[in-house]
Amino acid sequence: GLQLECVQCASCIDACDSIMTKLGRPLGLIRYDSEKGLKGDLKKLIRPRTVVYASVWLLVISVFGYLILNRKLSEASIFHSRSGHLFSMSQVVGEEGIVVNHLELHIENKGVEVNRYSVKVDDSSDSSLSAIKLVLPVDPFPVQPNKFQQIPVFAKFPVGLLVNGKRSITLIVTDSKDFTKKLKVDLLGAG
């Protein structure tokens, strides 16, 4: 019959083949076949569709393998603290005022072992940026494997570095292996 259960069963094919064998006749009177097969044409094993499907699978597997082998084992980003206090200022008599910005460094270690990360100010383009001091709880700070961690960072600097109450700087985050990432952040203050 044409019901799905009957087509999937295929018991009739086996029964017919066993009878045809006993009668000495050719097998395959009942069979799964195409119109070309019924006419006696040869079946092509390699057809354009087969080549296209194989190529697509090879491409997908290659891209997946490339992405796995070249994934970054660390990620870093920096934000101003969500505590509501973007900066604080202090003034010592006879000296320029000091501004402190509270930042949060977000680090994700995607590796399988503990990584130690360090942060420094990129002062290669402007030597006045060397006056910025970064204060961290621990330097270098460890991050456990497959963990995300937020590290408080305090940037202390003279108020004279600010232009219209703001100064853009670049922080360089490195690990104990080969990870390096430059992060841009705006230091804020009154001025």
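Colleague: Is Val 60 buried, exposed or partly exposed?

Modeller: In this predicted model, Val 60 is partly exposed, because its relative accessible area is 46%, which lies between the 20% and 50% limits. The residue is found in helix 4.

Colleague: And how far apart are the C-alpha atoms of Val 60 and Ile 98?

Modeller: They are separated by 55 Å, and the two residues are 38 apart along the chain.

Colleague: Which elements have the lowest and the highest mean pLDDT?

Modeller: Helix 4, residues 48-69, has the highest mean pLDDT among the elements of the protein chain, at 94, whereas strand 2, residues 87-90, has the lowest, at 67. For the chain as a whole the mean pLDDT is 85, and 92% of the residues reach 70 or more.

Colleague: Let's go to the core. Which residues have the most contacts inside the largest nonpolar core?

Modeller: Those are Leu 105, Ile 107, Ile 132, Phe 141 and Val 173, in a core of 27 residues. Several strands each supply at least two residues of this core, including strand 1 (74-80), strand 3 (98-109), strand 8 (166-175) and strand 9 (180-188).

Colleague: What does Leu 105 touch?

Modeller: Leaving aside residues up to four places away in sequence, Leu 105 touches Ser 77, Ile 78, Val 119, Phe 141, Gln 149, Gln 150, Ile 151, Val 153, Val 173 and Leu 183.

Colleague: What about the rings of Tyr 117 and Phe 179?

Modeller: Their centres are 6.2 Å apart and their planes are at 80 degrees, so this pair is edge-to-face. It links distant parts of the chain, with Tyr 117 in strand 4 and Phe 179 in the loop between strand 8 and strand 9, 62 residues apart. Tyr 117 and Phe 179 are both buried, Phe 141 is buried as well, and ring pairs link Tyr 117, Phe 141 and Phe 179 into a cluster.

Colleague: How many disulfides turn up?

Modeller: The search of the whole structure finds 0. Cys 16, for instance, is in no disulfide, and the nearest cysteine sulfur, that of Cys 12, is 8.0 Å away, against a cut-off of 2.5 Å. Cys 16 is buried, with a relative accessible area of 13%, whereas Cys 9 is partly exposed at 49%.

Colleague: Now the backbone: where is the cis peptide bond?

Modeller: It joins Asp 139 and Pro 140, with omega about 0 degrees, and Pro 140 lies in the loop between strand 5 (133-135) and strand 6.

Colleague: What is phi for Asn 146 and where does that residue lie?

Modeller: Asn 146 has a positive phi of about 55 degrees although it is not a glycine, and its place is in the loop between strand 6 and strand 7. Asn 146 counts as exposed, because its relative accessibility is 56%.

Colleague: And Asn 164, buried or exposed?

Modeller: Asn 164 counts as exposed, at 74% relative accessibility. Its phi is also positive, near 55 degrees, and Asn 164 sits in the loop between strand 7 and strand 8.

Methods: Residues are numbered from 1 along each chain as its sequence is written. This is a predicted model: local features need pLDDT of at least 70, side-chain atom pairs count only at pLDDT 80 or more; totals for chains, interfaces and linings use all residues. Side-chain values use heavy atoms; hydrogens and water are left out. A nonpolar core is a set of buried Ala, Val, Leu, Ile, Met, Phe, Trp, Tyr and Cys residues joined through side-chain atoms within 4.5 Å. Buried means under 20% relative accessible area, exposed over 50%, partly exposed in between (1.4 Å probe, protein chains only). Helices (H or I, at least four residues) and strands (E, at least two) are DSSP runs, numbered from the N terminus. Contact means heavy atoms within 4.5 Å. pLDDT is the predictor's confidence in each residue, from 0 to 100. Rings of Phe, Tyr and Trp (its six-membered ring) pair if their centres lie within 6.5 Å; planes under 30 degrees apart count as stacked, over 60 as edge-to-face and the rest as tilted.
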